[in-house]
Amino acid sequence: MKISVFKFFFLFLFLFFHSQIHANELNYNLNAEKITDNTYVFFGSTKHFTFKNGGNIVNTGYIVTEQGVVVIDTGPSLTYGSQMRQYIESSTNKKVIKVFITHHHPDHFLGNQAYKDVPIASLKAINSAIHEQGEGLNTNMYILVGDWMKGTEVYEPTEVIKPGAVEEIGGHKLEFIQLKGHTHSDLAILDHTTGVLFAGDLVFNNRTPTTPHADINKWVKSLEQLNKIDFKYLIPGHGPALKDNKAIDKTKEYIEWLDNSIQEFVNSGTDMSEALNHEIPESFHNMDILKEEYQRSILQLYPRYEEKIFIN
């Protein structure tokens with residue numbers, strides 16, 4: 001009997017300390033950086049999704065208004081969204097009153113559950129994409145980052161934003177700009193009060209753009225539209241904030257090169273395996289995970305470009 005009691009005791013200690021260590025491992029250690037008055041951003045890694053980073057490769061932000069806090073994107077998991085909200089409300093002493101989602105990729109909306117008691121809004125096409133693809137994206141995230149996704153379920157936006165709408169919230173005048181190209185529908189948000197432009201994943205900075213749902217021609221047009229906006233601070237979907245248009249131009253330069261390269265490969269009959277190992281211009285070598293994302297783009301886009309030729 002004594003042996004079983006001791007076994008039980010040590011088993012209890014093992015499970016307790018294991019759970020404590022595991023709980024500590026599932027801490028995103030979020031720390032927001034101030035961009036300008038009342039505007040803050042949590043900057044994620046510019047690497048791939050991994051077990052180590054828990055899917056935190058995204059920039060999420062918030063605006064502290066007179067009425068309460070407005071959140072831009074909710075991160076890759078329930079755990080992220082919950083820790084994000086706890087940080088925001090404890091550091092500002094204000095409640096989150098509204099959430100906006102820039103597009104349907106999983107690192108931007110899977111933290112929605114943490115905000116179920118407040119309105120979550122996005123463009124109609126983004127809401128539809130989350131409804132149609134959300135479960136598959138969530139399952140894929142479980143595969144990629146494991147326990148970080150514990151308890152995460154798809155929670156869809158509850159409101160629809162009209163394209164071009166302008167909404168004043170607590171002294172901040174927010175304009176909602178409907179664009180497309182990185183996905184079928186991308187939302188950019190311009191705070192006219194501070195001059196901060198949240199560009200979502202239309203813009204990458206020091207990180208190679210991803211293309212699983214890309215239409216490069218439409219993406220280029222959206223970037224040209226963003227270039228016409230008079231902003232003071234640009235928050236890309238991934239990578240550091242800027243005060244100029246360099247990241248917009250670099251994103252455009254890369255996706256145009258990618259588009260032209262794939263078209264040339266397909267037109268010349270270049271085998272996909274050869275395209276995968278094509279030399280990448282040195283001007284892009286400062287972008288994180290360049291080769292990996294380039295090769296992913298070849299695998300994603302090459303068949304589409306071949307199909308266009310066969311159809312035509």
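1. Let's start with a charged pair towards the end of the numbering. K218 and D215 form a salt bridge, with 4.0 Å between their closest N and O atoms. By salt bridge I mean a side-chain nitrogen of Lys or Arg within 4 Å of a carboxyl oxygen of Asp or Glu. K218 is partly exposed at 40% relative accessible area, and D215 is partly exposed as well, at 31%. Here buried stands for under 20% relative accessible area, exposed for over 50%, and partly exposed for what lies in between (1.4 Å probe, protein chains only).

2. A word on the model before going on. It is a predicted one, in which local features need pLDDT of at least 70 and side-chain atom pairs count only at pLDDT 80 or more, while totals for chains, interfaces and linings use all residues. Residues are numbered from 1 along each chain as its sequence is written, and side-chain values use heavy atoms, with hydrogens and water left out.

3. Now the sheet. Seven strands make an open sheet in the order β1-β2-β3-β4-β5-β6-β7, with mixed pairing. Its edge strands, β1 (33–36) and β7 (159–161), each pair on one side only. Averaged over the sheet and ignoring direction, neighbouring strands are turned by 25 degrees against each other. Strands are DSSP runs of E with at least two residues, helices are runs of H or I with at least four, and both are numbered from the N terminus. Two strands pair if DSSP finds at least two bridges between them.

4. β4 and β5 run parallel and share 4 bridges. V71 has V99 in β5 as its bridge partner. As background, strands of a sheet pair through backbone hydrogen bonds, either parallel or antiparallel.

5. Helix α2 sits against this sheet. α2 packs on the sheet and touches β2, β3, β4 and β5, its direction making about 25 degrees with that of β3. Contact means heavy atoms within 4.5 Å; axes are lines fitted to C-alpha atoms, for helices over the stretch in contact, and angles run from 0 to 180 degrees between N-to-C directions.

6. Which residues of α2 are buried? They are T79, Y80, G81, M84, R85, I88, E89 and T92. These buried residues pack against β2 (39–42), β3 (60–64), β4 (69–72) and β5 (96–100). After α2 comes N93, which has a positive phi near 60 degrees.

7. Helix α4 (residues 124–145) lies across β6 (120–123) and β7, and runs at about 105 degrees to β6.

8. Back to charges: the count of salt bridges comes to 11. K95 and E89 meet in one of them, at 3.9 Å from N to O. K95 is exposed at 58% relative accessibility, whereas E89 is buried at 17%. Both belong to a network of salt bridges that links R85, E89, K95 and D117.

9. Another salt bridge joins K98 and E167, whose closest N and O atoms are 3.4 Å apart. This pair links distant parts of the chain, with K98 in strand β5 and E167 in strand β8 (residues 166–169), 69 residues apart. K98 is buried at 11% relative accessibility, and E167 is partly exposed at 27%.

10. Finally, the rings. The structure holds 10 aromatic pairs. Y254 and W257 form a tilted pair, because their ring centres are 5.8 Å apart and their planes lie at 40 degrees. Rings of Phe, Tyr and Trp (its six-membered ring) pair if their centres lie within 6.5 Å; planes under 30 degrees apart are stacked, over 60 edge-to-face, and the rest tilted. Y254 and W257 are 3 residues apart in helix α6 (residues 246–268), so about one helical turn separates them. Y254 is buried at 0% relative accessible area, and W257 is buried at 16%.

11. W257 also pairs with Y294, again tilted, at 5.7 Å centre to centre and 35 degrees between the planes. This pair links distant parts of the chain: W257 is in helix α6 and Y294 in helix α8 (residues 290–311), 37 residues apart. Both residues, W257 and Y294, are buried. Elsewhere, ring pairs link Y40, F42, Y62 and Y87 into a cluster.
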